[in-house]
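Dear colleague,

I am passing on the structure that we spoke about, and my notes follow below it. Please read them with the coordinates open.

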Amino acid sequence: MVTRAKGRRDTYHHGDLSAALVRATLEIVDEAGVRGFSVSEAARRTGVSPGAPYRHFADRDALLAAAALEVSRRVNEMYAEAVADIVTPEDRLAAVGEVYVRAAARFRGGFDILFHADLRAAHPELRDSGRAFIDMLLPDAFALVPDGGHELATTLLEALAALTRGYAALLLSGLFGEPGEAAEKVAARATTTARALVRGFCG
């Protein structure tokens, strides 16, 4: 449970410390980036001693990886919700563009750590979560490519990932304006372009 003292930030008391630290980590990374993150600041914002996080996370990177895993879980949920009522494989794959852009706008710094190369190399659970997302897309990719070829389906998903992550990166760079304000417009563009890409693989 989290309680609020007058004039102070929320502090942690007798609840799920791991989850509270992950929330604080995402907040800090959103404000200061990965380089600006420290376990001691996460502890301070959570209202626990500087050593308390190490009872749950081995080191700084382990806490960052847990935060990235939480973002990955939420992105997977966003996609499942977005396509729940979509009928065609083409439209379901195109929805990846919308989901990635909206996820980038929502999580910002957390979206960056989701694809942090060093974290993914050291924490296989992040790669597993990424594969879980791909597993949601593969049946639709196989349904669309000629003769259901595995290599072509994989290439389609690689191209889709490059396109949608590119739009997300451009959004976060400020190219389209303030990310929160531009998210819907960019999500629509990403979806339209993703649909064109998918159609190109269907011939």
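Of the contacts in the chain with a separation of 6 or more, 64% are accounted for by residues 24 or more positions apart, where contact means heavy atoms within 4.5 Å. Please bear in mind that this is a predicted model, in which local features need pLDDT of at least 70 and side-chain atom pairs count only at pLDDT 80 or more, while totals for chains, interfaces and linings use all residues. Residues are numbered from 1 along each chain as its sequence is written, and side-chain values use heavy atoms, with hydrogens and water left out.

The chain has 9 helices and 2 strands, taken as DSSP runs numbered from the N terminus (helices: H or I, at least four residues; strands: E, at least two). Read from the N terminus, the order of the elements is β-β-α-α-α-α-α-α-α-α-α. The C-alpha trace spans about 60 × 35 × 30 Å along its principal axes, and 42% of the 203 residues are buried, on a scale of relative accessible area where buried is under 20%, exposed is over 50% and partly exposed is in between (1.4 Å probe, protein chains only). The accessible surface of the chain comes to about 10400 Å², and carbon and sulfur atoms hold 53% of that surface; accessible areas come from the Shrake-Rupley method with a 1.4 Å probe, and for residues only the protein chains shown count as cover.

Turning to the helix pairs, the axes of H4 (residues 89-107) and H8 come within 9 Å and cross at roughly 30°, the axes being lines fitted to C-alpha atoms, for helices over the stretch in contact, with angles from 0 to 180 degrees between N-to-C directions. That angle makes H4 roughly parallel to H8, given that angles under 35 degrees count as roughly parallel, over 145 as roughly antiparallel, 65 to 115 as roughly perpendicular and the rest as oblique. The residues of this contact divide into 13 nonpolar, 2 polar and 1 charged (Ala, Val, Leu, Ile, Met, Phe, Trp, Tyr, Cys and Pro count as nonpolar, Asp, Glu, Lys and Arg as charged, and the others, Gly among them, as polar).

Helix H8 (residues 150-173) also meets H7 (residues 124-144), with axes that come within 9 Å and cross at roughly 125°, and H7 and H8 are therefore oblique to each other. On the H7 side the contact involves Ile 134, Leu 137, Leu 138, Ala 141 and Phe 142, and on the H8 side His 150, Ala 153, Leu 156 and Leu 157; by class, these are 8 nonpolar, 1 polar and no charged residues. In the loop between H7 and H8 lies Asp 147, which counts as exposed because its relative accessibility is 84%.

For H1 (residues 17-32) and H3, the axes come within 9 Å and cross at roughly 90°, so that H1 and H3 are roughly perpendicular to each other. Among the residues that meet there are Leu 21, Val 22 and Thr 25 in H1 and Leu 63, Glu 70 and Arg 74 in H3, and the contact of H1 with H3 has 9 nonpolar, 1 polar and 2 charged residues.

Finally, Ser 72 is placed in helix H3 (residues 60-82) and counts as buried because its relative accessibility is 5%. Leaving aside its neighbours within four places in sequence, Ser 72 is in contact with Leu 114, Ser 129 and Gly 130.
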